[in-house]
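Hi,

Here is the structure I promised to pass on.

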Amino acid sequence: MDVRLGLFAATILLLAVSIGPTFGEDLPPGSVGYQYSQPIEPTFSDIPYATQSPLQKLDLYLPAEKSGPAPLVIWIHGGGFRVGDKGSMPRRKFGPAPKPTGPDGPYQIQVPDVAALTRKGYAVVSLNYRLVRRPGDAFIAFALPAVQDGKAAVRFLRANAEKYGLDPEKFAVWGNSAGGFIAAMLAVTGDEPTVFDDPAVGGSNITAAVQAAVVWYGAIEVSSLSLAHYISAAKIVPPILIAHGDADSSVPVGDAIRLNDELLKKGVKSSLTILPGAGHEDPAFMATQMLPTFNFLDAAFRR
């Protein structure tokens, strides 16, 4: 790490320390700073957005009270590109983050408060995507179809915005872990022609750009599919909010620092919060980062 990056990391870390105590894996989400809402059911379930896989489906939650087309938040679950399901949101049980028992987790513990978002007038999608990771696969082999599915879902939802009462100019993506990587890649590629635009998945004539992105411990930097590469090539990148724990043993905090630094060098409105003592899938994210994320989305959409 160079001196400039080290100073930046220290500044962010001090900021995180100054706004609250250290949260570790033994802290149930909701016990400090935020109380998660009671679960709600999707307005529409298992909507297919493509036809290559039975996993290419989404659940859609619509606000009960509407005052016009609703801004959309697309939630993308984590799970190491191996596991995970859109049905994990909304949460119905709480507790400390589970200790991984192997390469398949368990994962997908920290999720947005979908009921709170819909009360605020947002429409929310919980997204499934192809899980094709096999032992020995290179990162690009399993991450590529996942991001392609993210693009396809954005295009499908934009094409059907009028049908579902969505604002096609106000799409945000929010993901954790592998889902956070997908969200970040969707944000930095936008309308640029890339390997993620697969005509076979559909809708390539419709923009896949998003207007905001939230990345929870998903700033994965791999040379074969580099976020930094696409940032440097991008013409427009929307505002991005990054949150990461400095005790994350799955995705190093240095990757989050480098992602934020690259975005800032590009002139992107990017911010990074580092949670001291927080690990991967740590309950501290739901306990402390829900309201800051809501505020970020409100600011991005001028609400």
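At what angle do α3 and α5 pack, and how far apart are their axes? The two helices pack at an angle of about 65°, with their axes 10 Å apart. Axes here are lines fitted to C-alpha atoms, for helices over the stretch in contact, and angles run from 0 to 180 degrees between N-to-C directions. Helices (H or I, at least four residues) and strands (E, at least two) are DSSP runs, numbered from the N terminus.

Before going on, please note that this is a predicted model: local features need pLDDT of at least 70, side-chain atom pairs count only at pLDDT 80 or more, and totals for chains, interfaces and linings use all residues. Residues are numbered from 1 along each chain as its sequence is written, and side-chain values use heavy atoms, leaving out hydrogens and water.

Back to the helix pair. In α3, Phe-139, Ala-143, Ala-146, Val-147, Gly-150, Lys-151 and Val-154 meet Phe-181, Ile-182, Met-185, Leu-186 and Thr-189 of α5, where contact means heavy atoms within 4.5 Å. Those residues divide into 9 nonpolar, 2 polar and 1 charged (Ala, Val, Leu, Ile, Met, Phe, Trp, Tyr, Cys and Pro count as nonpolar, Asp, Glu, Lys and Arg as charged, and the others, Gly among them, as polar).

Both helices also lie on the sheet. Helix α3 (residues 139–159) lies across β1, β2, β3, β4 and β5, at about 155° to β5. Helix α5 (residues 178–189) lies across β3, β5, β6 and β7, at about 140° to β5.

The sheet itself is open and mixed, with 8 strands in the order β1-β2-β4-β3-β5-β6-β7-β8; two strands pair if DSSP finds at least two bridges between them. Its edge strands, β1 (44–48) and β8 (270–275), each pair on one side only.

β2 runs antiparallel to β1 over 3 bridges and antiparallel to β4 over 4 bridges. Of the 5 residues in β2, 4 are buried (under 20% relative accessible area; exposed is over 50%, partly exposed in between, with a 1.4 Å probe and protein chains only). By contrast, β3 and β4 run parallel, joined by 5 bridges, and Ile-74 stands opposite Val-125 in β4.

Lastly, α7 (residues 253–266) is followed by Gly-267, whose phi is positive, near 90°.

Best wishes
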